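Colleague: I have the model open and want to go through a few side chains with you. Can we start with the ring contacts?

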Amino acid sequence: MIPEDLRYTAEHEWVAAADGGAVRVGITHFAQDALGDIVFVQLPEPGAEVAAGESLGEIESTKSVSEIYAPVGGTVSARNEVLTDTPEVINTDPYGSGWLVEVTVADPASLDGLLSADAYRELTES
């Protein structure tokens, strides 16, 4: 459950290339599994500036509330409005329709610092 074509963070977010220099961000299968049933998601508005490593929102599950961290800095260009009414989509499809936000990346070189699928696999298996 770790797609090879994505990049990852140690905080269990994934990053995929999107249109126009943006990236799509979500949480990994590992993260949603650890959280349990997701019941609420708080995400930034489009146009909001985010800094790499800083909180960009929260995910609330039946077990806890967890921060979502921006894997890269930039401007939020879109957020997944589907999650407003059906946040549980993250549990069923974390790499597809359960994406969180799209960010127009301020520094494309910052993507080089993210984990490969192999490195993330090692992180989650240790």
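Modeller: First, what I mean by a charge over a ring: NZ of Lys or CZ of Arg is within 6 Å of the ring centre and within 35 degrees of the ring normal. Bear in mind that this is a predicted model.

Colleague: Fine. Which residue lies over the face of Trp 99?

Modeller: Arg 24 does, at 4.0 Å from the ring centre.

Colleague: And ring against ring, how many aromatic pairs?

Modeller: The count is 2 aromatic pairs. Tyr 8 and Tyr 120 are stacked, with 4.8 Å centre to centre and 15° between the planes.

Colleague: Where do Tyr 8 and Tyr 120 sit in the chain?

Modeller: Tyr 8 is in strand 1 (residues 7-8) and Tyr 120 is in helix 4 (residues 117-125). They are 112 residues apart, so the pair links distant parts of the chain.

Colleague: Buried or exposed, those two?

Modeller: Both Tyr 8 and Tyr 120 are buried.

Colleague: What about Trp 14 and Tyr 95?

Modeller: That aromatic pair is tilted, at 6.1 Å centre to centre and 45° between the planes. Trp 14 belongs to strand 2 (residues 13-17), while Tyr 95 is in the loop between helix 3 (89-92) and strand 9 (101-105). Those two are 81 residues apart.

Colleague: Why does Trp 14 count as buried?

Modeller: Because its relative accessible area is 2%, and the cut-off for buried is under 20%.

Colleague: Switching to Thr 124. Why is that one buried rather than partly exposed?

Modeller: Thr 124 has a relative accessible area of 19%, and buried means under 20%, so it is classed as buried. Thr 124 is in helix 4, and its side chain reaches the backbone oxygen of Arg 121 at 3.1 Å.

Colleague: What is Thr 124 in contact with, beyond four places in sequence?

Modeller: Ile 2, His 12 and Phe 30.

Colleague: Where does His 12 lie, then?

Modeller: In the loop between strand 1 and strand 2. The His 12 side chain makes a polar contact with the side chain of Tyr 120, at 2.6 Å. Leaving out residues up to four places away, His 12 also touches others, including Gly 26, Ile 27 and Leu 123.

Colleague: How many bridges join strand 3 to strand 9?

Modeller: There are 4, and the two strands run antiparallel. Ala 22 stands opposite Thr 104 in strand 9.

How values were computed: Residues numbered from 1 in each chain as written. Predicted model: local features only at pLDDT ≥ 70, side-chain atom pairs only at ≥ 80, totals over all residues. Heavy atoms only, no water. Phe/Tyr/Trp six-rings, centres within 6.5 Å; stacked < 30°, edge-to-face > 60°. Buried < 20%, exposed > 50% of the residue type's maximum accessible area, 1.4 Å probe, protein only. Polar contact = N/O pair within 3.5 Å; in protein donor to acceptor, adjacent residues only side chain to side chain. Contact = heavy atoms within 4.5 Å. Pairing = 2+ DSSP bridges.
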